[in-house]
Amino acid sequence: MQLSADHLTLYRGQRCLFKGLGFALNPGELLLLEGSNGSGKTSLLRAIAGLLELESGTVRWNGTPLLRERQSFQNSMVWMSHKPGLKGDLTLVENLRYEAALRLQAEVEFATVLKQLGLNRLTRLPVRSLSAGQQRRVALARLLLSSATVWMMDEPTANLDAEGRDLVVKIVGQHLAKGGMAIVAAHQDFDLDAPVKRIRLQ
Amino acid sequence: MTIQDEQLPDISTGLLALIVRDVSLAVKRPGDVLNPLFFFAMVAALFPLVIGPGTEQLQSIGPGVLWVAALLATLLSLNSLFLSDHEDGSLEQMLVSPVPLAALALGKSAAHWLSSGLPLVLVSPVIAMTYQLSLSVTGVLMLTLLLGTISLSLLGSVGAALTVGLHRGTALLSLLILPLAMPVLIFGARTVSLVAAGDGVAGGLYFLGAYVLLMLSIAPFATAAALRISNE
């Protein structure tokens, strides 16, 4: 399995966000997108995920251009943006049950994941009443429950306390150790004992 | 508690889960559903009060007024179809889900119809009484509204998808949808009037049915394409 890209170029209006970018990501590797606010980290991440059309360049999943392999790539990818993607009026369980119908699920115990994230006491509350950090943890549950290989995360540590940040780094590390891949946009450093590739955006 | 493991994300499972989610959201926040319904009931029920109790006059304008009110009420509810999904990020999750986007778009339309079109059809006989429409005419009215609101939910999802990223897209949405909704309005209202005058219903109902099928085969795909564009 490989996710690769070459000659990625994106303009926003007159401004060039990035030009001629390329990378190749293999199982067990982390791709870190670095840069200050507004440097185009999120745009690059959205472009790789197929949410944003590129000016030029191709993203390939197992060698096939994404636009032709969208279904198969989306089957292997899970997306965590800065918006939690949860329904405030529904409970955590209702939200995750709906999610489970939208993508393939890993063979993990639901309760175990909730416990790992420290959410096991919040299952009956509407998600609206959880704090931003707790909602962030629910979004992490989406990744842990899915069987996707590629984790795409936009500022995964935002809104989280120190303990939560360590948790994110830990579960990304575990995912990579199992042969997964991750692309993380972050302005803080991500300390991991895994092969890390970096793209620094200006 | 465990979430069921699936071999593949089944299209019908995803579609059904989305419908269940949206309908239970509508049940938890009844205001969003009731607003357009009240609008429909008020507009349609006020006309007889202003026009006066002349049976013949009421019976002749009844179908038209009910249909116009139904169309406007549906337009009112369409604006919020993708709005909350867009704001909380669940629309993005739909875009990257392995379930085909067109199937999810169909699910959104179905949930919209269940929570706005169907209630409207169900209250219409009560409003029809104020126009002194006979039982058989009321039956045809419900049937035309049933078919018409399905078309409008499907057609409307395209417009709602195109305008989801825009602020105050309501006027634009109406402008986009109204021309294509005209056939539904005209055939819907005329069919009821013709029945009231003693003519047959088949022609009008066939047309409305054909329009549902046309929308069913085009709208989900158009909505999916529109969602991709507005989410760039």
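Helices are DSSP runs of H or I with at least four residues, strands are DSSP runs of E with at least two, and both are numbered from the N terminus. By that rule, B:Val50 belongs to helix H2 of chain B, which covers residues 30-51. The model is predicted, so local features need pLDDT of at least 70, side-chain atom pairs count only at pLDDT 80 or more, and totals for chains, interfaces and linings use all residues. Residues are numbered from 1 along each chain as its sequence is written, chains are lettered from A and ligands numbered from 1 in the order in which they are written, and side-chain values use heavy atoms, with hydrogens and water left out.

**Helix H2 of chain B**

- The 22 residues of H2(B) should span 32 Å at 1.5 Å a residue, and the end C-alpha atoms are 32 Å apart, which agrees. The expected span is 1.5 Å times one less than the number of residues.
- The buried residues in H2(B) are B:Val33, B:Pro36, B:Leu37, B:Phe40, B:Ala44 and B:Pro48. They sit on the same side of H2(B), because they cover an arc of only 110° around the axis. The arc is taken from the directions that run from the helix axis to the C-beta atoms.
- Buried means under 20% relative accessible area, exposed means over 50%, and partly exposed is in between (1.4 Å probe, protein chains only).
- An α-helix has 3.6 residues a turn, so residues three or four places apart point the same way.
- Helix H1 (11-28), helix H3 (55-78) and helix H6 (101-130) of chain B are among the elements that cover the buried residues of H2(B). Contact here means heavy atoms within 4.5 Å.
- On the face turned away from the buried side, H2(B) carries the exposed residues B:Asp32, B:Asn35, B:Phe38, B:Leu49 and B:Val50. B:Val50 has a relative accessible area of 70%, so it counts as exposed.
- After H2(B) comes B:Gly52, which has a positive phi, near 105°.

**A nonpolar surface patch**

- B:Val50 is also part of a nonpolar patch on the surface, together with B:Met42, B:Leu46, B:Phe47, B:Leu49 and B:Ile51. Together these residues have about 610 Å² of accessible area.
- Patch residues have over 30% relative accessible area and no salt bridge; like charges are joined within 9 Å, and nonpolar side chains (Val, Leu, Ile, Met, Phe, Trp, Tyr) within 5 Å.
- Accessible areas come from the Shrake-Rupley method with a 1.4 Å probe, and for residues only the protein chains shown count as cover.

**Helix H6 of chain A**

- H6(A) covers residues 162-177, and its 16 residues should span 22 Å at 1.5 Å a residue; the end C-alpha atoms are 23 Å apart, which agrees.
- Its buried residues include A:Gly164, A:Leu167, A:Val168, A:Ile171, A:Val172 and A:Leu176.
- The buried residues of H6(A) pack against strand E3 (30-34), helix H4 (110-116), helix H5 (132-145), strand E7 (150-154) and strand E8 (181-185) of chain A.
- A:Gly179 follows H6(A) and has a positive phi, near 95°.

**Salt bridges**

- There are 18 salt bridges over all chains. A salt bridge is a side-chain nitrogen of Lys or Arg within 4 Å of a carboxyl oxygen of Asp or Glu.
- A:Arg46 pairs with B:Glu92, with the closest N and O atoms 2.4 Å apart. This pair joins two chains, because A:Arg46 lies in helix H1 (residues 41-49) of chain A and B:Glu92 in helix H5 of chain B. Both residues are buried.
- A:Lys87 and B:Asp85 meet in a salt bridge of 2.6 Å, N to O. The pair crosses between chains, from the loop between strand E6 (77-80) and helix H3 (92-102) of chain A to helix H4 (residues 83-88) of chain B.
- A:Lys87 is buried at a relative accessible area of 4%, and B:Asp85 is buried at 1%.
- B:Asp22 and B:Lys108 form a salt bridge, their closest N and O atoms being 2.8 Å apart. B:Asp22 is in helix H1 and B:Lys108 in helix H6 of chain B, so the pair ties together parts that are 86 residues apart in sequence.
- A network of salt bridges links A:Lys87, B:Arg21, B:Asp22, B:Asp85, B:Asp88 and B:Lys108.

**B:Ser90**

- B:Ser90 lies in helix H5 (residues 90-95) of chain B and is buried, with a relative accessible area of 2%.
- Not counting residues up to four places away in sequence, B:Ser90 touches A:Gly85, A:Lys87, B:Arg21 and B:Asp85.
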